[in-house]
Amino acid sequence: MTRHASRLLLMLVAVGLWSLPMPSAAQGLTPMQEAMLQSVSNTTVDAEGDFIAFTRTQPVDPREENASPASHLFALDTDTGEEEALYTEGSVGNITFRPEHGTLTFLTARDGDNGRALYEMDPETGEMTQLYAFDRSMISYAWAPDGDRIVFSSPEELDISEAELPYEPNLYEENRPNRLAYTVDVTAEAEAQRLNVEGTVYLMNWSPSGDRLAITVAPSPEVDDFYMAQSVVIVDAGSGNVTADIDNEGKIGQIEWSPSGDRLALRAGHDLHDPTDGRIMVVGAADSATPENIFPEFEGKFEQIAWTGDDTIHFLASESVETSFGTIAPNGTNFTRRVELGGPIMTSFAPTANGEVAFTAHTPSHPPEVYWLGTDADTPERMTTSNPELADIEMGEQRVVSYTAADGQFTIDGLLILPVDYEAGTQVPVITVVHGGPEAHYSNGWLTRYSDPGQMGAAQGFAVFYPNYRGSTGRGIDFTYSSQGDLAGREFDDIVDGVDFLIDEGIADPDRVGVTGGSYGGYATAWMSTYYTERFAAGVMNVGISNNISKWGTSDIPEELFLVHARSRIWNSWMDMLKRSPVYHAGQANTPLLIAHGEEDTRVHPAQSMELYRHIKVRRPDVPLRMVTYPNEGHGYGRSTAQLDYTLRMMRWFDTYLNGSATTPLPEGAVSVEDAE
């Protein structure tokens with residue numbers, strides 16, 4: 001059936017001249033079940049490896065309150081495997097074991113606190129005390145090796161004159177507080193000493209001897225400076241003065257001291273144009289040398305690093321759709337995987353001195369949980385079960401797929417979830433899910449969340465396709481850089497090539513292919529719904545880009561857009577930027593499109609959605625089109641009811657225009673809670 005014939009069939013359904021049976025789908029994961037899933041978010045382990053402390057998200061029932069999930073604190077005994085809830089009265093963050101004390105410390109805000117303060121708990125007794133409170137909320141902290149001093153960050157207190165008029169406007173991009181850094185001895189009644197650095201402080205790490213600090217500082221609190229302008233400096237812990245500047249550039253995610261204190265390992269960008277912080281860069285700590293990428297040929301992305309000896313750096317890495325854990329020498333030699341590819345998708349690790357390691361990891365069958373790797377083991381063992389109900393829910397099969405891009409330059413990897421009870425050789429509707437960034441990637445783990453159909457789609461009879469198109473991470477420097485300067489070009493062609501691959505495999509029904517994604521994935525959705533409109537029967541665009549020119553002028557990351565994406569200034573290439581914008585091709589749009597956006601989005605302004613909505617509504621008035629905005633939400637949705645509302649609208653849109661099961665071309669405006677269950 002052609003696309004035009006499909007549209008005619010929908011029109012006949014609308015006027016009652018044709019009737020289609022609702023496709024029967026096996027019972028699988030429902031939107032309401034997804035909304036209430038818990039997951040482990042952070043882990044840390046004590047020095048002896050006796051206890052793993054971790055946080056678990058506790059969602060809010062979206063039928064009762066539109067609120068963000070809480071992050072509760074738990075402890076797990078590594079010998080018995082028993083877990084215990086330590087703190088569930090509020091959300092906690094920055095959990096770690098206190099050096100030389102064996103107690104657990106974290107940040108939380110309790111009644112009477114001036115924002116978040118530092119608390120201490122004995123994991124054996126559960127006794128909890130406030131250890132230190134600043135006069136403002138504490139953002140983050142790190143312990144000195146002696147376990148007595150901390151370095152912490154807190155927003156500066158601005159001196160702003162009160163308005164004389166009974167109304168006060170906002171000054172755009174002004175009056176934003178820097179994050180300032182302080183040191184204090186929590187065992188003494190001493191005042192906190194501010195570090196003498198100008199700008200906004202982010203990462204903070206004590207030297208092994210406790211006499212110096214390595215920190216990153218950006219010239220302002222602007223998001224663009226956070227991404228592109230953080231510099232590493234060494235600060236004397238006694239005076240708070242800068243003693244050395246590291247000549248780094250580009251994004252940065254970690255600073256780690258060597259055990260001897262003479263070198264730093266940075267998890268950072270290869271250079272200013274690297275869109276990720278996924279390389280290991282090593283540099284001397286006493287001078288202004290330039291960090292060196294120790295393993296530039298690595299065809300993956302380092303996600304976390306930690307020194308465990310002067311000649312050994314432990315790493316966790318993404319390699320295509322899998323992850324590995326191992327060691328590498330600081331000169332880039334002796335790359336060794338201890339945990340090979342093909343196991344659970346590890347997202348963080350916490351090592352002990354004797355070689356045991358706690359992980360946060362997930363698989364295609366469950367969200368992140370605590371895993372434990374014994375001293376002589378090479379496979380992590382799952383230790384927690386946050387969602388026992390998942391064992392009774394039927395899941396669609398998840399496969400790794402690979403195909404050759406049409407230009408022959410790359411093999412593209414991705415994931416495919418088949419419908420529950422899928423029969424081989426059957427063509428089914430496919431939802432294509434495009435990740436944002438494009439400096440991101442999908443791994444072969446849990447792929448379902450409020451904005452990603454995953455197993456919810458499989459339960460409703462859809463195959464769900466997750467392509468890691470060129471520009472994605474986890475494939476090395478060349479692959480990540482390959483999409484730069486070619487917005488909406490071969491990167492998005494890779495997605496269409498993946499759809500063609502699924503059609504050739506006899507899985508995808510060519511007349512029932514949908515597309516969705518957020519941010520850069522929303523850009524791809526808008527592109528597929530305009531430029532490639534004849535290939536896609538439905539689109540759900542979330543916080544997406546429609547006009548590259550106005551996007552640059554309204555975004556909080558203009559320099560990042562230039563340095564790691566476009567690689568040319570828009571005023572030097574007006575027409576090229578416009579032609580690579582979905583609004584330029586809106587006059588040919590024929591794809592039913594649902595558009596969603598957070599009203600407080602500063603990354604991709606809501607006007608991007610408004611522009612595409614207006615272009616299609618005026619120029620293509622017969623195309624099914626709806627736009628929904630979410631108050632008090634930004635670049636993605638963090639509150640329970642907003643998330644569920646978006647999920648229901650997305651799934652209903654695809655059911656309407658891929659299954660042809662609705663009685664009208666445009667679904668009703670309200671959502672039904674019954675559809676979630």
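These questions and answers cover aromatic pairs and nonpolar cores in a predicted model.

Q: How many aromatic pairs does the structure hold?
A: Ring pairs link Phe295, Phe298, Phe302, Phe315 and Phe335 into a cluster. Tyr450 and Tyr646 also form an aromatic pair. The count for the structure is 33.

Q: What is the geometry of the pair formed by Tyr450 and Tyr646?
A: The ring centres are 6.1 Å apart, and the angle between the planes is 75°. Planes over 60 degrees apart count as edge-to-face. The pair is therefore edge-to-face.

Q: How far apart in sequence are the parts that Tyr450 and Tyr646 tie together?
A: Tyr450 lies in the loop between strand 31 (428-434) and helix 4 (454-459). Tyr646 belongs to helix 12 (residues 640-659), so the pair ties together parts separated in sequence by 196 residues.

Q: Is Tyr646 buried or exposed?
A: The relative accessible area of Tyr646 is 1%. Buried means under 20%, so Tyr646 is buried.

Q: Which element gives the most to the largest nonpolar core?
A: This core has 30 residues, and Tyr466, Tyr637, Tyr646 and Phe654 have the most contacts inside it. Several elements each supply at least two residues, including strand 30 (411-417), strand 32 (463-468) and helix 12. With eight residues, the element that gives the most is helix 12.

Q: Which residue lies over the face of Phe562?
A: A charge sits over a ring if, among other conditions, CZ of Arg is within 6 Å of the ring centre. Here the distance from the ring centre is 3.7 Å, and the residue over Phe562 is Arg569.

Methods:
Residues numbered from 1 in each chain as written. Predicted model: local features only at pLDDT ≥ 70, side-chain atom pairs only at ≥ 80, totals over all residues. Heavy atoms only, no water. Phe/Tyr/Trp six-rings, centres within 6.5 Å; stacked < 30°, edge-to-face > 60°. Helix = DSSP H or I, 4+ residues; strand = E, 2+ residues; numbered from the N terminus. Buried < 20%, exposed > 50% of the residue type's maximum accessible area, 1.4 Å probe, protein only. Lys NZ or Arg CZ within 6 Å of the ring centre and 35° of its normal. Core = buried A, V, L, I, M, F, W, Y, C linked by side-chain atoms within 4.5 Å.
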